[in-house]
Amino acid sequence: MSASLREKSLLLCPGGKEDFVRVRRRDLERLSTEVMQLREFLPRVVNKELMEQLHRAQSTHTVQEKLQQECVHLQSRLDAQQTQCQREREEKLLLREQLWQSGVELQQQANFCSTLGSAACGLLWSCSGQEDTVTLWLADGKLPSFLTVAAQTLESFVHSLDEETKTQMEDASSQEHQFVLALAGSVTNIAAVTCGRDFLASSAHILLDTLLKLLELMKPRVFPKLKVLMLMCLYNVSISVAGLKYISENQALLPVIWTLLEDGHWEVSLHSLRLLQSLLLDEEVVLQLGLALLDPDLRARVDRLTSSAQPGLRQAAQQTLEDLQQVR
């Protein structure tokens, strides 16, 4: 047993020039056989293809490391962007709150201005009913700037309306509506005074053109009170020879009258007839308008108004129809 163990052990013989190891012959033969097999099969396994695969594996590993580094970098950028996005979202919410608050304050200011404007123009409308007041305004030289502002305000008001709010704004309690009515009423009262209508006829052509343009733009049955005031203003101006000459030269005048005769609101039709009558009373204007006054459609529209249930409209229509029949 001990001898067998001694055969299997590796013995070193120190002290010599070389060290010797004692190995069993059978183990040495087995080892030699394995070495020969490795020499034979190793070249078959470790070939060019394997080396290329190892190289590709190494390259793939390198690419993976780069991708991992890029992923870490992108994750870092994503975290930074998310942080910035969250900060911007909070700022946006804050700005939205501030915008809403500003909108509320702006609406409050607009309501206040409308109320103040309505009250001020109401007083102005009342004062303009006095001839001495209009004369004083002309003497002070403040009337031109007022008429310019009035024309701009009326035009802006009409253009700002959309189809959905027109019927809502018709409510007489609307401060903005009252403001515009008072403004138009003041202009109408100015035109009712001799010095006022002469001034409008000579120095307020922009206002007169604006009134005709707005009457052309406004839809049927929309703001009849405003239409009536503008028609009354034009009628008052037409009393002046210079005023009648100027407005009759406007190509939109007669088409506007035609349209308003069938507006659907009897007061608008009535004041359209009165303006038409004012044109028919002047021979030069009749000659100027010529064939337009002979149009059967115009007479048909006036004739339909002679059947109106409103006595004043019915009478004005009958008188206008008689005047039209005298036109040759």
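# Reading contacts and packing in a helical model

Guide: Leaving aside neighbours within four places in sequence, Gln 277 is in contact (heavy atoms within 4.5 Å) with Ala 316, Gln 319, Thr 320 and Asp 323. This is a predicted model, in which local features need pLDDT of at least 70 and side-chain atom pairs count only at pLDDT 80 or more, while totals for chains, interfaces and linings use all residues. Residues are numbered from 1 along each chain as its sequence is written, and side-chain values use heavy atoms, with hydrogens and water left out.

Visitor: Where is Gln 277 found, and does it count as buried or exposed?

Guide: Gln 277 is found in helix H13, where helices (H or I, at least four residues) and strands (E, at least two) are DSSP runs numbered from the N terminus. Gln 277 counts as buried because its relative accessibility is 15%, the classes being buried under 20% relative accessible area, exposed over 50% and partly exposed in between, with a 1.4 Å probe and protein chains only.

Visitor: How many residues of H13 are buried, and which elements do they pack against?

Guide: Of the 15 residues of H13, 12 are buried, so the helix is largely enclosed by the rest of the structure. Among these buried residues are Val 268, Ser 269, His 271, Leu 276 and Leu 280. The buried residues pack against H10, helix H11 (241-248), H12, helix H14 (283-289), H15 and helix H16 (311-325).

Visitor: What does the chain contain by way of helices and strands, and how much of it do buried residues make up?

Guide: The protein chain has 16 helices and 0 strands, and buried residues make up 31% of its 328 residues. Among contacts between residues at least 6 apart in sequence, 67% join residues at least 24 apart.

Visitor: How many salt bridges does the structure hold, and which side chain meets Lys 227 in one of them?

Guide: A salt bridge is a side-chain nitrogen of Lys or Arg within 4 Å of a carboxyl oxygen of Asp or Glu, and the structure holds 7 of them. In one, the side chains of Lys 227 and Asp 263 meet at 2.5 Å, N to O. Lys 227 lies in helix H10 (residues 224-239) and Asp 263 in the loop between helix H12 (253-261) and helix H13 (266-280), so the pair ties together parts that are 36 residues apart in sequence. Both partners are buried, Lys 227 with a relative accessible area of 0% and Asp 263 with 4%.

Visitor: Which residue forms a salt bridge with Glu 262, and where in the chain do the two lie?

Guide: Glu 262 forms a salt bridge with Arg 304, the closest N and O atoms being 2.2 Å apart. Glu 262 is in the loop between H12 and H13 and Arg 304 in helix H15 (residues 296-305), so that this pair links distant parts of the chain, 42 residues apart. Glu 262 is partly exposed at 39% relative accessible area, and Arg 304 is partly exposed at 46%. Salt bridges that share partners join Glu 262, Asp 297, Arg 301 and Arg 304 into one network.

Visitor: How many aromatic pairs does a search of the whole structure find?

Guide: A pair of aromatic rings is described by the distance of the centres and the angle of the planes. Rings of Phe, Tyr and Trp (its six-membered ring) pair if their centres lie within 6.5 Å, and planes under 30 degrees apart count as stacked, over 60 as edge-to-face and the rest as tilted. The search finds 1 aromatic pair: the rings of Phe 157 and Phe 223 have their centres 5.5 Å apart and their planes at 70°, so the pair is edge-to-face. Phe 157 lies in helix H5 (residues 143-159) and Phe 223 in the loop between helix H9 (205-217) and H10, so the pair ties together parts that are 66 residues apart in sequence. Phe 157 is buried at 4% relative accessible area, and Phe 223 is buried at 1%.
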